[in-house]
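Hi everyone, thanks for making the time. I'd like to walk you through one model today, so please have the sequence and the 3D view open as I talk.

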Amino acid sequence: MAGHRMARMAEEIKRELARLLRDEMKDPRLGFASITAVEVSGDGRHAKVFFSVMGDENARDNSLAALKQATGFLRTELSKSLRVRYVPELVFLSDPSIARGTRIARLLTEMETHDDTEAPR
């Protein structure tokens, strides 16, 4: 039962943070950041927020700095929409899965191109 409640809370946090990033935050360092997942601890006091950014490592670092600086604002806004006694502490972590997927897709495309240019014997 508690696991289901934490999963529901994580989904609500993800949805609300995505809205806040899209509509409320005006920090240019944020770039094209998106929230990919949220994991809430069993007691609901801590939440790991995974995000991805279109761009290079510098763009990711800038977005992380902007998110860390806005943590207080984001928690305050979450407190207005979540119906919980304690709003979780937010920890932002980069999610490399999208970058990894893009790299794999690029490598597969390069392999196809290489195979097409090879002459049959």
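**Starting in helix α1**

Let me begin with M9, which is buried, because its relative accessible area is 10%. By buried I mean under 20% relative accessible area, while exposed is over 50% and partly exposed is in between, with a 1.4 Å probe and protein chains only as cover. M9 lies in helix α1, residues 2-23.

Before I go on, a word on what we are looking at. This is a predicted model, in which local features need pLDDT of at least 70, side-chain atom pairs count only at pLDDT 80 or more, and totals for chains, interfaces and linings use all residues. Residues are numbered from 1 along each chain as its sequence is written, and side-chain values use heavy atoms, with hydrogens and water left out.

Back to M9: its C-alpha atom is 11 Å from that of R45, although the two residues are 36 apart along the chain. Helix α1 also holds L17, which is buried, with a relative accessible area of 0%. From L17 to G3 there are 14 residues in sequence and 21 Å in space, C-alpha to C-alpha.

**How confident is the predictor?**

pLDDT is the predictor's confidence in each residue, on a scale from 0 to 100. The chain has a mean of 87, and 93% of its residues reach 70 or more. Where is confidence lowest, and where is it highest? The lowest is in α4, with a mean of 78, and the highest is in strand β3, residues 89-94, at 94.

**The strands**

Now to the strands, where two of them pair if DSSP finds at least two bridges between them. Strand β1, residues 33-40, runs antiparallel to strand β2, residues 46-53, and seven bridges join them. Together β1 and β2 form a hairpin with five residues between them. Have a look at G44 in that turn, which has a positive phi of about 75 degrees.

On to β3, which runs parallel to β2 and is joined to β2 by six bridges. There, V49 stands opposite F92 in β3. And how many residues of β2 are buried? Six of its eight, so that strand is mostly covered. As a reminder, in a regular strand the side chains alternate between the two faces of the sheet.

**One face of α3**

Next is helix α3, residues 71-81, whose buried residues are T71, L74, E77 and L78. Viewed down the axis of α3, these buried residues fall within an arc of 130 degrees, so they line one face of the helix. That arc is taken from the directions from the helix axis to the C-beta atoms.

**Salt bridges**

Now for the charged side chains. I count a salt bridge when a side-chain nitrogen of Lys or Arg is within 4 Å of a carboxyl oxygen of Asp or Glu. The structure holds nine of them. One joins R19 and E24, at 3.7 Å from N to O. R19 is partly exposed, at 27% relative accessible area, and E24 is partly exposed too, at 40%. R19 and E24 are also linked with E16 in a network of salt bridges.

Another salt bridge brings together R29 and D27, at 2.8 Å from N to O. R29 counts as partly exposed at 31%, and D27 does so at 23%.

A further one is between R106 and E110, whose closest N and O atoms are 3.6 Å apart. These residues are four apart in helix α4, so about one helical turn separates them.

**A last stop on α4**

I104 is found in helix α4 as well, residues 97-117, and counts as partly exposed at 44% relative accessibility. With L108 and M111, I104 makes a nonpolar surface patch of about 290 Å². Patches are made of residues with over 30% relative accessible area and no salt bridge, joining like charges within 9 Å and nonpolar side chains (Val, Leu, Ile, Met, Phe, Trp, Tyr) within 5 Å. The areas come from the Shrake-Rupley method with a 1.4 Å probe, and for residues only the protein chains shown count as cover.

Conventions. Helices (H or I, at least four residues) and strands (E, at least two) are DSSP runs, numbered from the N terminus.
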